[in-house]
Amino acid sequence: MLWSQTFLPTLKETPADAEIVSHQLLLRAGLVRKLTGGLYTFLPMGLRVLRKIERIIRQEMDRAGGVELLMPALQPIDIWQASGRYETASGVLFKVRDSARKDWVLGPTHEEVITSLAANELNSYRQLPKNFYQIQTKFRDEIRPRFGLMRAKEFLMKDAYSFDATDAGAMASYQRMYDAYNRIFARCGLQAFPVEADTGVIGGNHSHEFMVPAETGENDVVYCESGKYAANIEKAVSRGSVEATPAESTGAAPERFATPGVVTIEALAAAPYGVSARHQIKTLVLIADSKPMLVLMRGDDSLNEAKLLAKTGAVQVRPATPDEIVALLGARPGSLGAVAATLKTAVPVLADEALRGGRGMTTGANEDGFHLRHVDIDRDLKVGAWHDLRTVKVGEACVETGQPLKIRRAIEVGHVFKLGTKYSEKLNATFLAEDGSRHPAVMGCYGIGVTRTLQAVIEQCHDKDGIRWPVSVAPFAVCLTPLVVTPGSQPMTLALDLQARLEAAGIETILDDRDERPGVKFKDSELVGFPLRVNLGEKSLAKGEIELKPRGGTMRMVPIAEAAAEVIAWVRAESERLGAA
């Protein structure tokens with residue numbers, strides 16, 4: 001490829017609306033251009049990277065037993081209604097209507113479509129297991145698309161769906177995908193690691209996310225330095241989540257006391273009351289799927305909403321309004337509690353495990369300006385269900401090792417779920433077992449954000465001068481840079497000859513044939529991030545040498561006659577380091 005024959009519009013200045021470095025470099029290196037918020041056109045270099053990532057994904061999916069197909073992006077709403085997600089996922093669905101006034105969904109994912117296919121085609125245990133995958137455009141109605149490809153309205157995704165006859169078989173399929181994902185991200189040059197994760201609206205009961213550490217990531221990952229524990233903050237637990245609240249001495253019954261103007265945990269902890277947050281019961285009044293509930297937390301803990309949704313099966317939850325709270329409990333926020341004797345209305349009560357067995361606690365009296373002390377949770381409260389509902393904090397002890405937990409930001413690039421029979425039951429994807437009985441298939445689903453993975457590589461692999469592509473996904477492995485491009489000149493003649501020899505050996509090259517100053521060429525090569533630059537200048541050629549400059553590495557001189565072999569060896573060594581297939 002000649003630079004002059006492609007389209008590579010690099011930018012010197014950083015676009016004002018590019019918030020993070022990977023987004024800035026996507027634009028400055030001429031990989032993409034923004035159409036509008038959340039929508040991007042892939043330019044030639046960006047498309048080449050995208051295709052490299054796709055190729056790695058296909059190789060590893062095929063290696064793991066996946067069968068590629070392609071499903072429609074436009075989907076009928078009836079299958080979404082059958083699964084229940086037409087309501088639960090309504091916030092991200094693009095809904096369209098055709099000329100016949102029929103409603104459709106632009107697919108954000110394809111569980112419903114693939115399960116409908118399986119219902120019609122997989123009828124016997126002899127046809128199982130099966131794992132179908134596709135690389136397909138997805139659509140999600142992001143309210144605030146941002147960070148370039150990280151959170152877009154339209155994006156490319158690899159999604160796979162496994163169907164097994166047994167739970168054990170489904171776990172084996174899950175493990176194959178888990179292992180394949182580790183290989184995929186390693187081959188892309190990413191330092192990605194799996195963490196335990198919440199299943200969210202996808203559903204299921206077993207899930208891992210693959211995270212790329214990055215300060216600009218949108219996910220908080222809780223981890224132990226030993227490497228034995230890592231989880232998304234929405235799933236994470238610690239020993240603090242299961243250790244009981246220390247019991248204080250308590251009286252024969254709760255004691256009401258005046259707390260005028262005290263409506264916060266901090267105010268009750270201050271003088272003259274001096275009730276530590278650890279010995280306060282925080283009462284949250286929530287509306288879950290239109291029904292009120294009380295959720296009790298220790299005063300020094302915060303509710304993890306994802307855990308609450310997972311434990312209750314609720315689709316949506318929100319804080320009750322002040323008027324709703326007064327109507328339910330007879331008091332305003334700040335004086336609320338769940339002591340049975342003070343409740344005027346029957347309402348479900350859920351409590352965090354950290355409160356279990358607490359004695360000598362203090363909580364609101366459901367009377368403005370008053371609290372209750374000497375509360376014994378087992379004696380005075382009627383808790384309907386106990387769950388781990390708290391958000392883990394830095395420094396708490398790891399449940400595996402006891403070491404202090406840490407939290408860091410990360411980018412989610414992949415997610416694997418064991419779905420069970422949630423979709424197969426609702427969409428009638430059943431099979432005939434060997435004994436003649438009929439059962440729903442046990443499913444798994446597995447997603448990789450292909451466009452997000454591209455940007456995650458940039459986020460992890462860059463420096464002050466631009467992108468540093470791993471050779472496995474670079475648009476071109478080698479940039480040949482003759483400093484004189486006049487036809488027939490020695491630098492240009494040798495560059496063309498070297499390009500022919502490299503490409504014959506399977507090494508992808510771009511030859512910078514622009515009539516520009518060396519500094520401009522070098523800066524553009526560094527910005528776009530080609531792994532190896534080969535400089536051909538008249539002065540070095542006069543000495544019988546060519547310059548090899550790895551991106552981010554040290555320049556070295558090699559004899560002209562050895563240049564092709566040196567470049568081939570370097571590229572192949574880098575490819576092997578990344579585990580090329």
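Leucine 93 lies in the loop that runs between helix H4 (85–88) and strand E5 (94–97), where helices (H or I, at least four residues) and strands (E, at least two) are DSSP runs numbered from the N terminus. The model is a predicted one, in which local features need pLDDT of at least 70 and side-chain atom pairs count only at pLDDT 80 or more, while totals for chains, interfaces and linings use all residues. Residues are numbered from 1 along each chain as its sequence is written, and side-chain values use heavy atoms, with hydrogens and water left out.

Leucine 93 counts as buried because its relative accessibility is 5%; buried means under 20% relative accessible area, exposed over 50%, and partly exposed in between, with a 1.4 Å probe and protein chains only. The C-alpha atom of leucine 93 is separated by 9.9 Å from that of tryptophan 104, which is 11 residues away along the chain.

Threonine 362, placed in strand E18 (residues 361–364), also has a relative accessibility of 5% and so counts as buried. The table gives the contacts of both residues, leaving aside neighbours within four places in sequence; contact means heavy atoms within 4.5 Å.

| Residue | Relative accessibility | Contacts |
|---|---|---|
| Leucine 93 | 5% | Trp80, Arg85, Tyr86, Val105, Pro108, Asp141 |
| Threonine 362 | 5% | Phe257, Leu268, Val275, His279, Gln280, Ile281, His371, Leu372, Arg373 |

Helix H1 (residues 21–28) and helix H13 (residues 450–460) have axes that come within 8 Å and cross at roughly 105°, which means that H1 is roughly perpendicular to H13. Axes here are lines fitted to C-alpha atoms, for helices over the stretch in contact, with angles from 0 to 180 degrees between N-to-C directions, and roughly perpendicular covers 65 to 115 degrees. On the H1 side, Val21, Ser22, His23, Leu25 and Leu26 meet Leu454, Gln455, Ile458 and Glu459 of H13.

The second largest pocket holds about 450 Å³ of space. A pocket is an open set of points on a 1 Å grid over the protein atoms alone, where a 1.4 Å probe fits, with protein on both sides within 12 Å along at least five of seven lines, and lining residues have an atom within 4 Å of a point. Of the 21 residues that line the second largest pocket, Arg55, Val471, Gly506, Val571 and Ser575 are the closest to its centre. Helix H2 (44–63) and helix H17 (563–577) are the elements that give two or more residues to this lining, and H2 gives the most, with four residues.

Terms used:
Grid points are joined across faces, edges and corners, and a volume is the space filled by probe spheres set on the points. Angles under 35 degrees count as roughly parallel, over 145 as roughly antiparallel, 65 to 115 as roughly perpendicular and the rest as oblique.
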